[in-house]
Amino acid sequence: DLTFDRRLIAVFDNAATDDQVLPLIPAGPASAVIITSRSRLGTSAGAYRLHLDVLEPSAAVALLSGIIGEHRVAAEPIPARELCEHCGHLPLAIRVVAARLAAKPHWSIRKLASMLLDERRRLDYLMLGHLDVRASISLSYVDLDEDCRRLLRRLGDLDTSGISVWSAAAVLDIRLDRAEDLLEILFDAQLLDVKGQDLIGQPRYGMHDLV
């Protein structure tokens, strides 16, 4: 292996599977590999996994402030927090709204926050140039099979704070074991997260508002 005696840092961005990455990992003990992915990868390679969650509210406001200027956020602290809440504290979404405000210095933060109140059009406002929240989510969605897509769409219609295996089975009229398999696929694709357990120890899943 040509890389065995070298000190390398290999970075693989947006990897799809462990199998895609494994042949590219340097063989030498002095090398390191960083992998980013929309899926939960690394288990078969023995990698250390770091899950990046949404930002804390204060960090979200700080990100907004760093792009549009502290003076604008200081002038409208409550609308700034509301705007970040409408973005679900998702870094990409906050970058989009910050870029919009930076490009339009005559807009108030309150104006943009009020535009994002309409959930039916929210994703329309969360794209600007190469920054696009809908496209980012769609990349994960298009890789799913039709049963997973259908389940995700049905779950999106449920007005509930938690999704159980039983509710997933009911909306698709399928067996519990099949429903759990589909939920775990959506979890692996990071379109669902686990929010806790129910009274008998079964996981309860949750969906980010923008998904």
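I took a salt bridge to be a side-chain nitrogen of Lys or Arg within 4 Å of a carboxyl oxygen of Asp or Glu. The model is predicted, so I kept in mind that local features need pLDDT of at least 70 and side-chain atom pairs pLDDT 80 or more, whereas totals for chains, interfaces and linings use all residues. Residues are numbered from 1 along each chain as its sequence is written, and side-chain values use heavy atoms, without hydrogens and water.

I looked up the salt bridges and found that the count comes to seven. Asp-124 pairs with Arg-134, the closest N and O atoms being 3.1 Å apart; this pair links Asp-124 in helix H7 (residues 122-125) to Arg-134 in helix H8 (residues 133-141), 10 residues apart, where helices are DSSP runs of H or I with at least four residues, numbered from the N terminus. Arg-121 also forms a salt bridge with Asp-124, at 3.9 Å between the closest N and O atoms.

I then checked Arg-178, whose salt bridge with Asp-147 has its closest N and O atoms 3.0 Å apart. Because Arg-178 lies in helix H11 (residues 176-188) and Asp-147 in helix H9 (residues 146-156), the pair ties together parts that are 31 residues apart in sequence. Through shared partners, salt bridges join Arg-121, Asp-124 and Arg-134 into one network.

Methods:
Helices (H or I, at least four residues) and strands (E, at least two) are DSSP runs, numbered from the N terminus.
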